[in-house]
Amino acid sequence: MELPKDKKIILFDGVCNLCNGAVTFIIKHDKKDTFRFVSLQSEIGKKLVSERGMDPEELDSIILIDPGVAYYQKSTAALEISRELSGGYSLLKNFLFIPEGLRDGIYNFVASNRYKWYGKKESCMIPTPELKSKFLD
């Protein structure tokens with residue numbers, strides 16, 4: 001599958017309630033239609049992850065792919081996503097000055113507890129017909 005060159009791709013945990021809430025939030029604040037979404041559990045998601053030298057079975061992170069430019073993980077991905085959001089959320093990018101190790105330490109703590117705190121679905125979310133075009137899988 002060829003990735004859209006003019007869209008940034010967000011890979012997310014499709015069974016995580018926190019992650020699905022984040023996707024809904026991003027869609028709501030993506031006024032420039034910048035992002036497309038792929039669950040990590042999908043075949044496309046697994047392929048995109050392994051193409052970047054990561055083990056798809058060992059991920060508990062959000063990944064942002066900016067085709068032809070770079071890819072980002074964990075807190076850096078979240079802050080890079082915030083750059084594109086409306087409603088003042090783009091100001092969150094200013095937290096990039098905090099050392100990545102510290103940011104990712106907090107990110108990892110939340111990620112390791114996300115199912116306990118927010119729950120987990122039995123299967124990946126199914127987008128509504130109106131939102132289907134925003135998902136690649």
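The radius of gyration is taken here over C-alpha atoms, and the globule rule is 2.2 Å times the number of residues to the power 0.38. By that rule a compact globule of 137 residues would have a radius of gyration near 14 Å, and the protein chain agrees because it has 14 Å.

The model is predicted, so that local features need pLDDT of at least 70 and side-chain atom pairs count only at pLDDT 80 or more, while totals for chains, interfaces and linings use all residues. Residues are numbered from 1 along each chain as its sequence is written, and side-chain values use heavy atoms, with hydrogens and water left out.

| Property of the protein chain | Value |
|---|---|
| Accessible surface | about 7,700 Å² |
| Carbon and sulfur part of that surface | 58% |
| Buried residues | 42% of the 137 residues |

Accessible areas come from the Shrake-Rupley method with a 1.4 Å probe, and for residues only the protein chains shown count as cover; buried means under 20% relative accessible area, exposed over 50%, and partly exposed in between.

The protein chain has 4 helices and 4 strands, in the order β-α-β-α-β-β-α-α from the N terminus, where helices (H or I, at least four residues) and strands (E, at least two) are DSSP runs numbered from the N terminus.

F95 lies in the loop between helix 3 (74-82) and helix 4 (100-118), and F95 counts as partly exposed because its relative accessible area is 42%.

Methods
Buried means under 20% relative accessible area, exposed over 50%, partly exposed in between (1.4 Å probe, protein chains only).
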